[in-house]
Amino acid sequence: MANATAPDTDSGDTGAAETVEDSSSGGGGNGGAPSAPVGEKKWYIVHTYSGHENKAKLTLLERVRNANLTEYFGEVLVPTESVMEVVKGQRRTTTRKFFPGYMFVQMVLDDRTFHLVKNTPKITGFLGGTKPTPVPEREITGVQTNMTEGKAKPKARVVFEVGDSVRVIEGPFANFSATVEEVKTDKQKVKVSLSMFGRATSVELDFAQVEKA
C-alpha cells in the first residue's frame, strides 16, 4: 500500500477513530435486531475515493446504525498526522492522511457486513477483493502510535536533502542563505553551512526555520 500524497478535499472529521454506537434501542433500517455476531472483530483495509475518506467513514457509520449492525463493527480509522509548513513566512499546521484512498475498519466479516461496507458510497471495496485478509493487531497499534506522535509533534511538509540551497527565515540567522550539510529527519532539524563575517559557519536549525531557496 503506497503512502503517496494526494489532494485532501475531504473536510469535517479529523481522522480520529470512532466506535459505532447504536443510536436507537429499537430496530434499525432492516426492521429488526439481527442475530449476535459469530466470531471476533478484526481489522480490514477498505478502498475509498482518494480525498473522500472521511465522507466514506461517516456514511459507513450511518449505514451500520441504520442496518442495526452496530454489534458487528468496532472502530473506523482514517489515519492522519499533523504537518507543519511555512507559507509566506508564516507557520501553518494542516492535517495529512497517512494512506490516501484507504481506511481501516474493525468488524466481524460475513456476507451481510461485507456487502454493507462494499456498497457504501465513496467506498470501492476491500483490499484483497472478495477475500480480504485481516490486518495484524500489531500493525494497527503501530498506525495508532504514529497518529499520536504525529499530532503531538507536527512534521514538516518540505523534505530537505544534503546540498539543498535554503534561506533562513527565523531566528538570529534570518535572511541568511545557506547550504544543507546534514538532515536529521527524526528530530526535524537540519545542519546548514552559512557565511558569517566572511567565514563558513555550521549551525543546526529546525525545519521550520528554513525554506528552500
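Modeller: Here come the labels, each set against its definition.
Modeller: This is a predicted model, where local features need pLDDT of at least 70, side-chain atom pairs count only at pLDDT 80 or more, and totals for chains, interfaces and linings use all residues. Residues are numbered from 1 along each chain as its sequence is written, and side-chain values use heavy atoms, with hydrogens and water left out.

Colleague: What makes a set of residues a nonpolar core?
Modeller: The set has to consist of buried Ala, Val, Leu, Ile, Met, Phe, Trp, Tyr and Cys residues joined through side-chain atoms within 4.5 Å. Buried is under 20% relative accessible area, exposed is over 50%, and partly exposed is in between, with a 1.4 Å probe and protein chains only. The largest such core here has 21 residues, and Leu60, Phe73, Met103, Val105 and Val117 have the most contacts inside it. At least two residues each come from β2 (42-48), α1 (53-66), β3 (73-77), β6 (102-107), α2 (111-118) and β7 (123-126). Helix α1 gives the largest share, 4 residues. Those element names are DSSP runs numbered from the N terminus: helices are H or I with at least four residues, strands are E with at least two.

Colleague: Which residues does Leu60 touch, leaving out those up to four places away in sequence?
Modeller: Leu60 touches Val76, Met103, Val105, Leu116, Val117 and Thr120, where contact means heavy atoms within 4.5 Å. There's also a second, separate core of 13 residues, with Phe160, Val180, Phe207 and Val210 among them.

Colleague: Why is Lys97 with Glu53 called a salt bridge?
Modeller: The term needs a side-chain nitrogen of Lys or Arg within 4 Å of a carboxyl oxygen of Asp or Glu. Lys97 and Glu53 come to 3.7 Å, N to O, so the pair qualifies. Lys97 is in strand β5 (residues 90-97) and Glu53 in helix α1, 44 residues apart, which links distant parts of the chain.

Colleague: Are Lys97 and Glu53 buried or exposed?
Modeller: Lys97 has a relative accessible area of 7%, so Lys97 is buried. Glu53 has 1%, so Glu53 is buried.

Colleague: How do you know whether Asp164 and Lys212 are buried, partly exposed or exposed?
Modeller: Asp164 has a relative accessible area of 18%, so it counts as buried. Lys212 is at 43%, so Lys212 is partly exposed. The two form a salt bridge, with the closest N and O atoms 3.7 Å apart.

Colleague: And what about Lys191 and Glu182?
Modeller: Their side chains meet in a salt bridge at 3.9 Å, N to O. Lys191 is at 29% relative accessibility, so Lys191 is partly exposed, and Glu182 at 34% is partly exposed. The whole structure has 6 salt bridges.

Colleague: What makes β9 and β10 a pair?
Modeller: Pairing takes at least two bridges found by DSSP between two strands. β9 (residues 165-168) and β10 (residues 177-184) have 3 bridges and run antiparallel, so they pair. Val166 has Ala178 in β10 as its bridge partner. β10 and β11 (residues 189-196) pair in the antiparallel sense over 6 bridges, with Val180 opposite Val192 in β11.

Colleague: Why are β12 and β13 called edge strands?
Modeller: The open sheet of 5 strands has the order β12-β11-β10-β9-β13, with antiparallel pairing. β12 (199-206) and β13 each pair on one side only. On the β13 side, Val168 has Val210 as its bridge partner.
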